Every structure is written in structure tokens, then in C-alpha cells.
Amino acid sequence: MTSRRNREILIPGPEEKAVFIRHNFGEIADEYDRFNDLATFGIHRIWKKKTALATGLAMQRGVTVLDLCSGSGDIALHLKNILGTDSRIIAVDFSAQMLSHLRERLGIQNGIAVETVEMDVSRLTFAGSSSIDAITMGFGLRNLANRAESLSEIFRVLKPGALFVNLDIGHVHPPLIEKIHQFYFERYIPLLGQFLHGEPHRMYEYLPHSIKTFPDQSALKIELERSGFIDVFYQNFLFGTVALHVAKKPERAV
Ligand SMILES: C[S@@+](CC[C@H](N)C(=O)[O-])C[C@H]1O[C@@H](n2cnc3c(N)ncnc32)[C@H](O)[C@@H]1O
């Protein structure tokens, strides 16, 4: 049984959400990559590669791309494989532990450098307005304490005409799939988390909650449009369990 006190911890309000997220991702950082592989049977690698490719910048030289909420850097590493020479990839995350895993992985790789910046994505103070050629984000938007503020910051730093590509968990609607989805997130994920962490961890119990409180694919499309983006579309993977949204900053925006 979840006590009332535990429930309060499991469902952080906007004020405490950023602290909760940073602290708890730090605690599970060591098992995060194994968790992704076991939770998705490795399929997350394909979705993340598609995310990098959806920037439309494959083989482009001299471009600057941000991977926000980069964590241990899967998408940043895919970007590294597809971008042309003289490009810059900047991986941003506010969890020092998650970024240190990315730095470990980068240590054994050649090619384009990936810079890491420990920062809250709602204030990208290092990036000038209209300076970035594309932004990717994987499984981050749902976790942001200030989604509207962060979207407006993403909009600010993108160059006019540039794309924001967002991968996150979606909502599924056919009743049977919805039941499987619910079982998977509410039962399997906390058990898998417990197996990997050695004991139950609140992050794996927060995960199903974070999905319920996150807009579905069409609501997120509208939210992106309200943030100023145009030509917004999304692609569902696995019946909408995961969705990839692509949003463009208008050519004439500043
Ligand atoms: C689920 S992980 C995703 C990691 C990686 N993008 C991936 O797809 O595997 C979410 C990441 O978002 C980061 N994060 C959440 N809110 C953030 C914020 N406001 N600013 C910076 N990073 C944030 C967490 O620290 C965590 O590393």
C-alpha cells in the first residue's frame, strides 16, 4: 500500500518537480542504460536514431545541434554519427550523474566532439537567440517542471526555419492496447526498476504518473503550435506508446 506521505513524494507538484527529477535521475543514472534496453527490448535505439535523422541535418557540415535532457546521451551519440564535419553537438542536462555517463561513453569515441552542459533546459543561458540549427529531446519534455517556459526557450534559441524534434511516451487509445500499456507501466516497469536498482525506487513509480499527466499526441501538437511552432506533425511508434513530434520555428520569427 502506498501511504499518503509516499503518494505526495510520488506525485511532485510544479514547485518540487525539478528537484525531485534531478535528484532521482541522479540516483538511477548507473542503471539507466540497462533499464532502457530491458524496458524496450532494445527498440529505443531505433526511435532515438529516427529522432536524430528527423532533424533533417544528416551529413550537414558546420551546424550546431542541441540535445536537451540528454541524459547518458543516446540521441547525442546518434547525432554524432550522422552530422557532417565541423558540426557541434551540445548535450544539455541538469543531472551531473547522467552527464558523467555520457562523458564516459564519449571517452572511447572519435569524430565530432560532443560538448556537455549541466543546466536546466528552461534557461539555456549559453545559447544566443536564433543561433541553433536543430534541437532534439528524448523522453525529457514529460519530466520538465516548466514545460511552457522550456518550449519558449527552445523557440528562442532555434534559428528561423529550424526544427525541434521531440520523442516521448504517448497515449494509446484502443482499449486492449491501453490495458496492456497500463499493465506494462504500472506493474512491469516498477518491478524491472526494483530488479535493476536492488530495491524499489520512486522514479519507476513516478513514470506511469508522468505519462497520465502528459498531454496526448494531438494535445501536444496543439501545445507546440501555441508556443509558436508551425508545420507540427507526429509519428506514432508501437501503437502510440511512443511518439515523435517535429515542430518548425517559422522562417520569419526572430
Ligand atoms: C528519461 S531521461 C532521458 C535521457 C535521454 N534523452 C534518453 O532519451 O535516453 C530524462 C532526462 O531529462 C533530464 N531533465 C529533466 N528535467 C530537466 C530540466 N529541467 N533541465 C535539464 N535536464 C532535465 C533528467 O536529468 C534526465 O537525464
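I took helices (H or I, at least four residues) and strands (E, at least two) as DSSP runs, numbered from the N terminus. Two strands pair if DSSP finds at least two bridges between them.

**Entry 1. Ground rules**

I note that this is a predicted model, in which local features need pLDDT of at least 70, side-chain atom pairs count only at pLDDT 80 or more, and totals for chains, interfaces and linings use all residues. Residues are numbered from 1 along each chain as its sequence is written, and side-chain values use heavy atoms, with hydrogens and water left out.

**Entry 2. The hairpin of S6 and S7**

I looked up strand S6 and strand S7 (residues 242-248) and found that they run antiparallel, joined by six bridges. The two strands form a hairpin with four residues between them. In the turn, Leu238 has a positive phi of about 50°. Which residue of S7 is the bridge partner of Phe233? I found that the partner is Val246.

Asp231 is exposed, because its relative accessible area is 52%. Ile230 is also placed in strand S6, and at 34% relative accessibility Ile230 counts as partly exposed. I recorded 9.7 Å between the C-alpha atoms of Ile230 and Glu251, which are 21 residues apart along the chain.

**Entry 3. Aromatic rings**

Rings of Phe, Tyr and Trp (its six-membered ring) pair if their centres lie within 6.5 Å; planes under 30 degrees apart count as stacked, over 60 as edge-to-face and the rest as tilted.

Is Phe229 buried or exposed? Phe229 counts as buried because its relative accessibility is 2%. Phe155 also counts as buried, at 15%.

I next looked at Tyr184 and Tyr188, whose ring centres are 5.4 Å apart and whose planes meet at 35°, so the pair is tilted. These two residues are four residues apart in helix H8 (residues 175-197), so about one helical turn separates them. Tyr188 counts as partly exposed, at 30% relative accessibility.

I also noted that Phe155, Phe164 and Phe229 form one aromatic cluster.

**Entry 4. Charges over rings**

A charge sits over a ring if NZ of Lys or CZ of Arg is within 6 Å of the ring centre and within 35 degrees of the ring normal. I found Lys249 over the face of Phe155, at 5.1 Å from the ring centre. Arg22 lies over the face of Phe94, at 5.0 Å from the ring centre.

**Entry 5. The ligand**

I counted a residue as near a molecule or strand if one of its heavy atoms lies within 4 Å of it. Which of the 18 residues around the ligand come nearest? They are Tyr32, Lys48, Cys69, Asp93 and Gly138.

I then listed atoms beside ligand nitrogen. A polar side-chain atom of Asp120 lies 3.1 Å from a nitrogen atom of the ligand. For Val121, a polar backbone atom is 3.0 Å from a ligand nitrogen atom. For Gly138, a backbone N or O atom is 2.9 Å from a ligand nitrogen atom.

I took accessible areas from the Shrake-Rupley method with a 1.4 Å probe; for residues, only the protein chains shown count as cover. The ligand has 600 Å² of accessible area on its own, and the protein covers 97% of this. Helix H2 (14-28) and helix H3 (32-40) are the elements that give two or more residues to the shell around the ligand.

**Entry 6. Other buried residues**

Phe139 is found in the loop between strand S4 (132-138) and H7. Its phi is near 55°, a positive value in a residue other than glycine. Phe139 counts as buried, at 15% relative accessibility.

In helix H5 (residues 74-82), eight of the nine residues are buried, so the helix is largely enclosed by the rest of the structure. Among them are His78 and Lys80.

Conventions: Buried < 20%, exposed > 50% of the residue type's maximum accessible area, 1.4 Å probe, protein only. Polar contact = N/O pair within 3.5 Å; in protein donor to acceptor, adjacent residues only side chain to side chain.
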